[in-house]
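Please read it with the structure open alongside.

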Amino acid sequence: MSQSGPGLPRGAPVVKVEHVRLDYHKEKEPLPVLADVSLQAGRDELVAITGPSGCGKSTLLRIVAGLIKPSSGVVRVLESEVKGPREDVAMVFQNFVLLPWRTALENVVFGLSSRKDLTEVQKRQKAQEALDSAGLTGFENVYPGELSGGMKQRVGVARALATEPKVMLMDEPFSSLDDITAERLRVETHSLLISPSTSIQSVILVSHNVEEIIELADKVVVLSGRPAHVAGELTVDLPRPRNKKSDEFFKWVDRVYAYLS
Ligand SMILES: Nc1ncnc2c1ncn2[C@@H]1O[C@H](COP(=O)(O)OP(=O)(O)O)[C@@H](O)[C@H]1O
Ligand SMILES: [Mg+2]
């Protein structure tokens, strides 16, 4: 989420999800998962999507990433329709799958495979910069098997950052980590994403952890029902840095829970 600079003003739409519906198919029967979901993520915004387990959060994020085609409706990123995976959109998963036979650096380079415009040397350079940003300086030549869960997740973040995306999608990126590691990574990831030195204009975070959401989000979208619709949308105007122990903070947590229950 680079600071506004030239281009779009803060809050101008970067991602638009318009009337997206999705049916999976189970034994030939349609399984409706998303019913008419619309939302927007704006310039310099972190939008959190939450909702009960199985309600379709990951499905929605995959649609935004162009990995699944919606049954109807459209997704636009910077006004152009998403028709498949694209270079200006990157995704970080809960359990980022790293290639075990490649080092941390090589895993990040691998994420740049499709970039025909870059030489091998340039790819390694970009990968190194991304590893540095993700706090992995000195771990370039380590294999995934020797990395802790938190470090593996950092490699996942670096792999996404190296592609210099405009939109960063994160699906429960901290939920498989222990509390202390998760908290550190949350703080670091947020400051990284809002740093003017990155290409990122907008972040969509899927999470079922309401405190995490109130810590990080500018806007919260709550999904509910089967098939899921948007049950509520809240703009979190708590000043930053947010005090996780303040009464105000818990008021916001309760507001989100009110939509979830
Ligand atoms: N590839 C698939 N084929 C059929 N059903 C699926 C598929 N992926 C997910 N589902 C079903 O769609 C629903 C939403 O899944 P998901 O998007 O993973 O939810 P969430 O991320 O909110 O937990 C669940 O009922 C799940 O079982
Ligand atoms: Mg999920």
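Predicted model: local features only at pLDDT ≥ 70, side-chain atom pairs only at ≥ 80, totals over all residues.

1. In what follows, two residues are in contact if their C-beta atoms, placed from the backbone, lie within 7 Å. By that criterion, and leaving aside residues up to four places away in sequence, I204 touches V15, A41, V47, I49, L61, V64 and L169.

2. The nonpolar core deserves attention next. The largest nonpolar core comprises 66 residues, and those with the most contacts inside it are V64, V108, A158, L169 and I204. Helix 4 (residues 149–162) contributes the largest share of this core, with 6 residues. Domain 1 (8–87 + 208–261) and domain 2 (89–164 + 167–200) each provide at least three residues of this core. As general background, nonpolar side chains tend to be buried together in soluble globular proteins.

3. On the division into domains, the domain assignment gives domain 1 (8–87 + 208–261) and domain 2 (89–164 + 167–200). Taken over C-alpha atoms, the centres of domain 1 and domain 2 are separated by 23 Å.

4. How many residues of domain 1 are in contact with domain 2? The contact involves 15 residues of domain 1 and 11 residues of domain 2. On the side of domain 1 that touches domain 2, strand 1 (13–26), helix 1 (57–64) and helix 6 (210–216) each supply at least two residues. By class, that side of domain 1 has 8 nonpolar, 3 polar and 4 charged residues.

5. One open sheet is formed by 4 strands in the order 2-1-4-5, with antiparallel pairing. Strand 2 (29–42) and strand 5 (80–81) are its edge strands, each pairing on one side only. Strand 1 and strand 2 run antiparallel and are joined by 10 bridges. D23 stands opposite P32 of strand 2. Helix 1 lies across strand 1, strand 2 and strand 4 (72–77), and runs at about 120° to strand 1.

6. Although E27 is not a glycine, it has a positive phi of about 45°. K28, likewise not a glycine, has a positive phi of about 70°. Are these residues buried or exposed? E27 counts as exposed because it has 5 C-beta neighbours inside 10 Å, where 12 or fewer is the limit for that class. K28 also counts as exposed, with 5 C-beta neighbours inside 10 Å.

7. Another open sheet has 6 strands in the order 6-7-8-3-9-10, and its pairing is mixed. Its edge strands are strand 6 (89–92) and strand 10, each of which pairs on one side only. From one strand to the next, the twist averages 20°. Strand 6 pairs with strand 7 (residues 167–171) in the parallel sense over 4 bridges, and V89 has V167 in strand 7 as its bridge partner. Helix 4 packs on this sheet, where it touches strand 6 and strand 7; the direction of helix 4 makes about 175° with that of strand 6.

8. At the other end of that strand order, strand 9 (residues 219–224) and strand 10 pair in the antiparallel sense over 6 bridges. The bridge partner of V221 in strand 10 is E233. Strand 9 and strand 10 form a hairpin with 4 residues between them, and G225 in the turn has a positive phi of about 90°. P227 also lies in the loop between these strands, and a cis peptide bond with omega of about -5° joins R226 and P227.

9. Where is P241 placed? P241 is in the loop between strand 10 (229–235) and helix 7 (247–260). A cis peptide bond joins R240 and P241, with omega of about -5°. P241 is classed as exposed because 10 other C-beta atoms lie within 10 Å, and the class extends to 12 or fewer. P241 and V187 are 54 residues apart in sequence, while their C-alpha atoms are 9.7 Å apart in space.

Technical notes. Residues numbered from 1 in each chain as written. Chains lettered and ligands numbered in written order. Core = buried A, V, L, I, M, F, W, Y, C linked by C-beta atoms within 7 Å. Buried ≥ 20, exposed ≤ 12 C-beta atoms within 10 Å, placed from the backbone. Domains from an automatic or database assignment. Nonpolar A, V, L, I, M, F, W, Y, C, P; charged D, E, K, R; others polar. Pairing = 2+ DSSP bridges. Axes fitted to C-alpha atoms, helices over the stretch in contact; angles between N-to-C directions.
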